[in-house]
Amino acid sequence: AQIKKCFAYCSIFDQDAELEQDLLVELWMAEGFLQPDPQNERMMEKIGCEYLRILLQTSLLEEVKEERRTWNLLGEVKEKRRTWYKMHDLVHDFAKSILNRNGSNQDRYLAVYSSERMVETINAKTSASLRTLFLKGGIADDMLSKFKYLHVLKLFGADVKELPTSIGKLIHLHFLDISDSMITTLPESLCKLYCLQTLRIGMLVDSFPKKMSNLISMRHLHYDADTGRDDDDDDDDDDDDDDDTGREIQMPSGIGRWTCLQTLKFFNIGRQEEGRGIQELGTLQDLKGSLEIRNLELVNGKDDAELANLSKKPNLYRLVFEWGNRDRKSDNCDEDVLEGLQPDPNLKELHIRNFRGEQIPQWLVNSSTLVELHLVNCRELPALGQLSSLQRLYLRGLENTTCIGLSFYSMTLKILSLESMENLEEWKDAHEMRSTAGEVHAMDVFPVLEKLSISDCPQLTTIPTPSRFPSLDVLEIKWNCHVLLAEKVLSNIANLSSLELCGGHECIESLKLVRRPESSLSIDGCDSLPTDTLERLCLFPTLQRVELMGADNITTLRGMSCAACLERLEVRYCKKLRELPEDLYQFQALEHLKIVGCPRINSFGYPNPKNSFGQKGLLKSLERFSVDGCDALTRLPVEMFESCTSLRELDLSRCRSLVSFPLDLRRTPSLESFSLYECPNLVAEMPSGFGYLTSLRKVMIGRFSDYSAIEFDWAGLASSSSLRHVALFGMRDTKSLPHQLQCLTTITSLSLIGFGAIEALPDWLGNLASLDELILCDCQKLEYLPSTADMERLKLRRLEIEVCPLLTERCTHQSGSEWPKISNIPERAIYGRDLFRR
């Protein structure tokens with residue numbers, strides 16, 4: 001019966017609500033659905049988790065695991081993982097039917113998500129029977145006091161700025177959530193809620209009320225809408241060491257009286273005479289999950305630290321010890337305090353921040369259960385190789401560390417991060433060892449390490465060779481690291497998997513080496529690396545993807561030898577690149593070839609007549625071909641597209657020296673998109689054979705002169721029933737549109753660009769019955785659209801006018817002479833005058 005009530009209660013949330021485990025359990029507990037067993041062996045929270053597990057097993061709730069990407073101020077991507085639960089719409093309706101089956105329940109549980117209906121809805125309810133109230137919007141003091149038997153209250157919304165003082169009259173309240181409101185102060189009357197079990201609050205401006213210690217039933221205190229870190233979270237990239245939540249707030253005085261407390265995200269140590277010393281933690285034996293203890297510089301020594309009684313708190317899996325900012329030479333009694341903070345052996349994750357001691361305690365050195373350790377802004381790097389269970393280690397700002405030696409090596413570590421180690425100069429490699437048979441073996445320094453990240457270590461120039469990390473999947477070097485470090489890594493790569501390089505003239509911004517099934521290379525900039533190093537990377541025979549961006553040190557790709565496996569080659573803005581792969585036409589797996597902004601490339605070479613594939617095997621897998629802004633390119637070989645039966649996209653643009661492009665469209669029957677424009681020396685050699693392209697949907701072509709328009713294959717283009725999008729480029733002296741354009745009756749989008757001398761669009765544009773979108777760009781002398789009748793025949797959904805100054809003036813809202821022609825078009829976009837002026 002109790003689990004049935006828990007299930008039905010979930011229906012008071014919206015259908016698309018994201019339900020979190022702790023929140024559900026705390027609500028069920030507040031409503032009395034979770035009763036401890038007679039022997040009191042299980043807490044109510046554990047019973048609630050068991051009920052949740054049953055609801056998941058029976059598919060009445062669904063589990064959702066979500067990965068979210070965030071960016072910090074340095075532009076670094078952080079991935080966060082989170083688990084929540086949802087109800088299927090039909091299950092939600094079923095739960096609501098159970099909740100409403102008993103008519104009295106309709107008056108017990110109320111969620112009002114519209115502030116407009118708040119007063120009307122609440123007045124209609126019987127105040128004495130209401131047990132749960134979710135309310136969007138504020139509530140008056142006198143109205144709140146009517147709900148004397150309320151167990152659950154959630155106030156949320158941007159207009160909720162004050163918690164009424166009458167809250168103190170709700171003496172049966174077990175659960176109060178104001179975390180999604182703008183409330184920043186708590187009234188003293190809150191301290192009368194002796195039954196309150198859960199308090200969820202947002203950011204406080206003032207401290208807690210003075211008599212908060214009276215809330216002796218408190219079990220869960222969530223600050224700043226904190227839902228904690230899910231126990232299932234595996235967030236390797238986010239170490240939470242910059243979390244400032246509640247750092248300045250004073251803790252409730254006498255919190256040690258809350259002997260049932262389980263959830264407490266942080267404890268800011270204050271003056272013991274005010275009831276805020278570390279001793280207050282001593283009686284809180286049921287604390288669970290994660291706890292951050294701050295201001296440890298106020299603790300006088302080991303004896304005081306032991307009063308926190310952390311060794312008797314077996315349910316804490318994560319602890320953060322933080323000292324405040326002090327004189328760098330001052331350590332007070334940091335070592336003694338850390339010795340006294342010995343936790344229960346069950347601890348899995350430990351953060352130590354701003355520790356000024358020289359030695360770490362034996363309880364940490366000898367830990368056999370610690371899985372994750374963070375050392376931040378500490379003095380020394382301790383010998384951590386003895387930690388037999390350690391899998392994740394994050395080191396940041398260890399100011400006195402100049403060398404990493406053999407005592408640091410770990411047989412269990414899977415993730416290692418070194419950040420802001422300004423004085424770190426050397427990472428010693430392991431010595432070679434001779435076996436009894438006389439063979440020399442290199443020692444694996446971290447045999448199971450999967451991820452190594454090095455950031456902001458400007459003096460470190462060498463690390464053990466990657467071969468000493470046999471299990472390494474990800475190697476990252478980023479932000480203010482020495483270029484020699486990157487060279488050391490790159491010079492010792494034996495089998496390239498996936499490498500991303502990013503840098504400028506003076507440094508390497510990031511290097512990321514990832515072992516994946518797909519072998520890929522990405523280089524962005526990196527002028528600080530030698531040419532031979534970069535070009536050597538391009539020679540790995542197993543590469544499947546190569547992307548080069550702004551890599552001005554690369555001059556040739558001639559020796560690329562991955563003809564059997566390369567699927568994607570993309571080169572952009574490599575100003576000194578002169579040569580493409582010598583055997584380019586034998587790249588049988590190549591699907592995507594893109595060359596943009598490489599002004600020194602003057603040829604794509606010529607097929608080797610002796611190649612083993614024969615003429616019909618050239619680039620047979622190619623699907624996308626794009627060349628843009630290669631001003632030195634003069635011709636493309638006639639054989640290049642002979643076998644490209646899979647080609648779907650072809651883009652050739654802004655190649656101002658190109659004079660020869662002998663394309664036979666019958667050889668590319670799969671073509672869906674064709675672009676050929678801004679190649680002024682190719683005007684007389686327009687392609688033909690569009691009628692053979694049964695899948696063609698998009699064409700961008702030009703620039704058209706009045707003469708070249710006559711020679712173009714308009715008939716072939718008009719016979720393509722699949723054609724939908726056409727963009728035509730004109731010349732400055734082009735005075736009229738090609739009349740053959742009116743035959744393209746299937747197109748839905750037409751762009752006219754750079755027709756510099758045309759003054760009026762012809763009325764026959766009205767014949768384009770399927771036209772949905774018309775874009776006019778950089779037509780400097782254009783003044784008039786087709787007649788009003790022909791514009792109405794077009795039935796346009798969207799009109800865009802860009803850099804057509806005369807027409808823009810005539811289309812002025814209400815007053816322009818052309819305005820009546822466009823006033824009924826649903827979407828209109830009319831932009832400035834000089835955006836494309838040349």
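I will go through ring pairs, then a cluster, then charges placed over rings. Keep in mind that this is a predicted model.

A search of the whole structure gives 16 aromatic pairs. I will pick out two of them.

Start with Tyr9 and Tyr109. Their ring centres are 5.4 Å apart and the planes meet at 85°, so this pair counts as edge-to-face. Where do the two residues sit? Tyr9 is in helix α1, residues 2-9, and Tyr109 is in strand β3, residues 109-112, so the contact ties together parts that are 100 residues apart in sequence. Are they buried or exposed? Both Tyr9 and Tyr109 are buried.

Next, Phe674 and Phe690. Here the ring centres lie 5.6 Å apart with the planes at 80°, so this pair is edge-to-face too. Phe674 belongs to strand β31, residues 673-677, while Phe690 is in the loop between β31 and β32, the latter being 698-704; the pair therefore ties together parts that are 16 residues apart in sequence. Phe674 and Phe690 are both buried.

Now the cluster. Which residues does it hold? Phe408, Tyr409, Trp427, Phe446 and Phe469 are linked into a cluster by ring pairs.

Last, the charges. Arg294 has its charged end over the ring of Phe266, 4.6 Å from the ring centre.

Conventions:
Residues are numbered from 1 along each chain as its sequence is written. This is a predicted model: local features need pLDDT of at least 70, side-chain atom pairs count only at pLDDT 80 or more; totals for chains, interfaces and linings use all residues. Side-chain values use heavy atoms; hydrogens and water are left out. Rings of Phe, Tyr and Trp (its six-membered ring) pair if their centres lie within 6.5 Å; planes under 30 degrees apart count as stacked, over 60 as edge-to-face and the rest as tilted. Helices (H or I, at least four residues) and strands (E, at least two) are DSSP runs, numbered from the N terminus. Buried means under 20% relative accessible area, exposed over 50%, partly exposed in between (1.4 Å probe, protein chains only). A charge sits over a ring if NZ of Lys or CZ of Arg is within 6 Å of the ring centre and within 35 degrees of the ring normal.
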